[in-house]
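Welcome, and please take a moment to turn the model around before reading on. The paragraphs below walk through it one region at a time.

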Amino acid sequence: MKILRGILTLFLLHGLKNNGTLANPEDGPQSHADTNDRDLQETKRYIVKFSDDKSMQKMLSKRSINTVMRITPLSLGVMMLTEAELQEMDVSAEVQYIEEDGKVFLPENEIESDVSMQDVSMYAEGTPYGIDMVKALEVDDSKASNRKLCIIDSGYSRGHPDLPDPELPESRGMVTGARDGGAGNWDSDTNGHGSHVAGTIAAIGGNNRGVKGVIRNGQLNLHIVRVFGKNGWAWKSSLLNALDECIMVGSNVVSMSLGGGGYSRTEKEGFQKAFDRGILIFAAAGNDGSTGFSYPASYDAVISVGAVDSRKRLASFSQKNNQVELVGPGVNVESTWTGGGYKTISGTSMSTPHVSAVAALVWSHFPDVTNAEMRGAMRSSAESLGGGTRNNDFGYGLARADLLFDYLKETQTQIECASGESLVEVSLVTDFYGEETSWSLRENNGMVLVSGSELSGNKRYANSLCIPKHTCFTFTINDGYGDGVCCSYGQGFFSLTVDGLEVKSGSDFGGSSTYTSCGTTLGDDDDYADETPLPGNCDDGESEFTLSRTLGGSSQGTSWAINMMPLFTVVAEADGYSGISGAVVVESICLGSDRCYRFRIEDSGWDGMEGSYSITYDNEVVREEGTFSWGQGENTWFGDCLFTRRLNEEGQSGSDQNQLRGFEKGGPPIISKNL
């Protein structure tokens, strides 16, 4: 049964009081059910996950179903279904699973400060304590225009004299936005919450009024997606649609001062895809003051932000669990409000924009750093508030712009490699038990190029070296306890980068993870725009094998290996890729000529591979635009396989025997699918 029961909920994480129910369209999002002729009891709102977009279009074209919206990149349809329609949809081959959508209102407990809303424009400009606590003013914001930060919230008070606006002379950045359904225009805010968040991030500094934000020069590109109305509720599907909007406009950072409800498979997959696209995502940890998990903050792809007060003590309301990653100022935070005013509020909703803005500010100075590297740097550079180790109260500690900037400045110093060499970089953040983790980078003759062992807990390590481009090497990381470096005893991770492109990364890898390559050459798409084979580096008696992979949205589950006959000896392999969707990974390997080989590509999730691959061997195209949409893998035989009939006669059995039979030198490669 594919129906995942349970109501999905979403609410803003601060303490404004809910004093009523929705009375008019301006109060909040309106579903199609509100105006549907069918009795409201006959239909419910569901999120339907289809196998792909074509399957969704096929299903909807032949059924008269009340469709609220489509989220095409995720192959999601949001629909009002009767019980009969639900059961029919549930057994459809085009549908992977179904989840019920839902809504909630703001929590009734008030956590506002006693300080009332006031117009402070008559006074000299002030600096909220949180801006000083995260040391925002110690990092220059002149490069902020190369970052785009997307705020998903209740809107934006455009025209507020202390908020960036393209029409204001002191604000030269772009402020754009979108709204979801009936939530209202993005550049208005009937709630005030979104305007408060925006002020912490980007309130104008130096204008002799109000407050200043973390990025205060008005040059940060802001994109506002409004999902909440006056009463502060939204559909969870609306959040995913808003996230897709952030992706489509090219956001680098997403800031969400919201949460609530339970775990959702749909939501988890959506945020993971966003992270895989290179976006750094922040969400409020929650205000219950408990060890419970709030979502989306508690998904692995999202940075969960807790709150501290002006003395760096944990806020009484801040969640305490193993998903809390960083903390920021969240008690009695003053920022911009509706009507040109200001307000002081407490909550993890207030700490989240401090931390997301610190990321955007420092990232603007290091735009070539990936989102995964930035996340690791924020963990490693945070000011520890928990005795020197990561803990469930403060996570890795307080996000600080100065420490993050210094950390990246030190670790991003590039080694200059000579012509014909590749720069190989290993980055590792250990969990609490660093002594259990070790790693090595070895040539295939066994010689150790670089390694690490006897490591400290909860610490970042970085190693770089230059090696000849045709060097065959194997990277191996081991964990003695067998639980990787995440997630029961810390939030560690590792990454392997070759010539600036991440080729291997992971965290929860069990006892060991390996990456092997021969003659790897990697780079940007433009490096291979002419689609010609890379220059040969092979010796006499060798032929060059080139694998070109165009990465999809998620390539972690994909692995490949080359086996040499007759014993299926592994001569090269790799068990996963990380990188931005659309990036091209090219690997060239020298193989002995006059041999028969099998290339095997697999997907551990049985859902096929995203992207495509091409193979060239001895300057001839063997496989072009290879892919498989479902199933576990695909085989391609190539090389000099003239002797395979004799092998078959001598006892080769199983599917490989059938694939080898009749394949002779000079014939086309055999391609078979193991589904």
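Helix 4, residues 193-202, lies across strand 7, strand 9 (221-226) and strand 10. The direction of helix 4 makes about 155° with that of strand 7. Helix 8 (residues 371-381) also packs on the sheet, where it touches strand 12 (280-284), strand 13 (303-308) and strand 14. The angle between helix 8 and strand 12 is about 50°. Keep in mind throughout that this is a predicted model.

What is the sheet under these helices like? It is an open sheet of seven strands, paired in parallel, and its order reads 8-9-7-10-12-13-14. Strand 8 (175-179) and strand 14 (324-329) stand at the edges; each has a single partner strand, so one side of each is left without a neighbour in the sheet. On average, neighbouring strands here are turned by 25° against each other, direction ignored. In general, strands of a sheet pair through backbone hydrogen bonds, either parallel or antiparallel. Ile152 has Met256 of strand 10 as its bridge partner.

Now return to helix 8 and look at its side chains. Arg379 forms a salt bridge with Glu325, and their closest N and O atoms are 2.9 Å apart. Because Arg379 belongs to helix 8 and Glu325 to strand 14, the pair ties together parts that are 54 residues apart in sequence. Are these two residues buried or exposed? Residues under 20% relative accessible area count as buried. Arg379, at 9% relative accessibility, is therefore buried, and Glu325 is buried too, at 3%.

Within helix 6 (residues 265-276), Arg265 and Glu269 lie four residues apart, about one turn of the helix. Their side chains meet in a salt bridge at 3.1 Å, N to O. Arg265 is partly exposed, with a relative accessible area of 34%, and Glu269 is partly exposed at 27%. Asp165 and Arg158 also meet through their side chains in a salt bridge, at 3.3 Å from N to O. Here Asp165 is buried, with a relative accessible area of 5%, whereas Arg158 is partly exposed at 32%. Salt bridges can also be linked: Lys312, Glu383, Arg400 and Asp402 make up such a network. The count of salt bridges comes to 15.

How many of the six residues of strand 24 are buried? Six of the six are, so strand 24 is largely enclosed by the rest of the structure. As a general point, side chains in a regular strand alternate between the two faces of the sheet. In strand 24, both faces are covered: Phe493, Ser495 and Thr497 are buried on one side, and Phe494, Leu496 and Val498 are buried on the other.

Strand 24 has pairing partners to look for. Strand 17 runs antiparallel to strand 24, and six bridges join them. In this pairing, Glu425 stands opposite Thr497 of strand 24. Strand 25 (residues 501-506) also pairs with strand 24 in the antiparallel sense, over five bridges. Leu496 has Lys504 of strand 25 as its bridge partner. Strand 24 and strand 25 form a hairpin with two residues between the strands, and Asp499 in this hairpin takes a positive phi near 50°.

The loop between strand 17 (421-429) and strand 18 (437-443) holds Tyr433. Tyr433 counts as partly exposed, at 36% relative accessibility. Together with Tyr481 and Tyr489, Tyr433 forms a nonpolar patch on the surface, with about 330 Å² of accessible area in total.

Finally, step back to view the whole chain. There are 11 helices and 35 strands. Of the 675 residues in the chain, 57% are buried. The accessible surface comes to about 26,800 Å², and carbon and sulfur atoms account for 45% of it. Among contacts in the chain with a separation of 6 or more, 75% are between residues 24 or more positions apart.

Key
Residues numbered from 1 in each chain as written. Predicted model: local features only at pLDDT ≥ 70, side-chain atom pairs only at ≥ 80, totals over all residues. Heavy atoms only, no water. Pairing = 2+ DSSP bridges. Axes fitted to C-alpha atoms, helices over the stretch in contact; angles between N-to-C directions. Contact = heavy atoms within 4.5 Å. Patch = residues over 30% accessible without salt bridge, like charges linked within 9 Å, V, L, I, M, F, W, Y side chains within 5 Å. Areas by Shrake-Rupley, 256 points an atom, 1.4 Å probe, with all protein chains shown as cover. Salt bridge = Lys/Arg side-chain N within 4 Å of Asp/Glu carboxyl O. Buried < 20%, exposed > 50% of the residue type's maximum accessible area, 1.4 Å probe, protein only.
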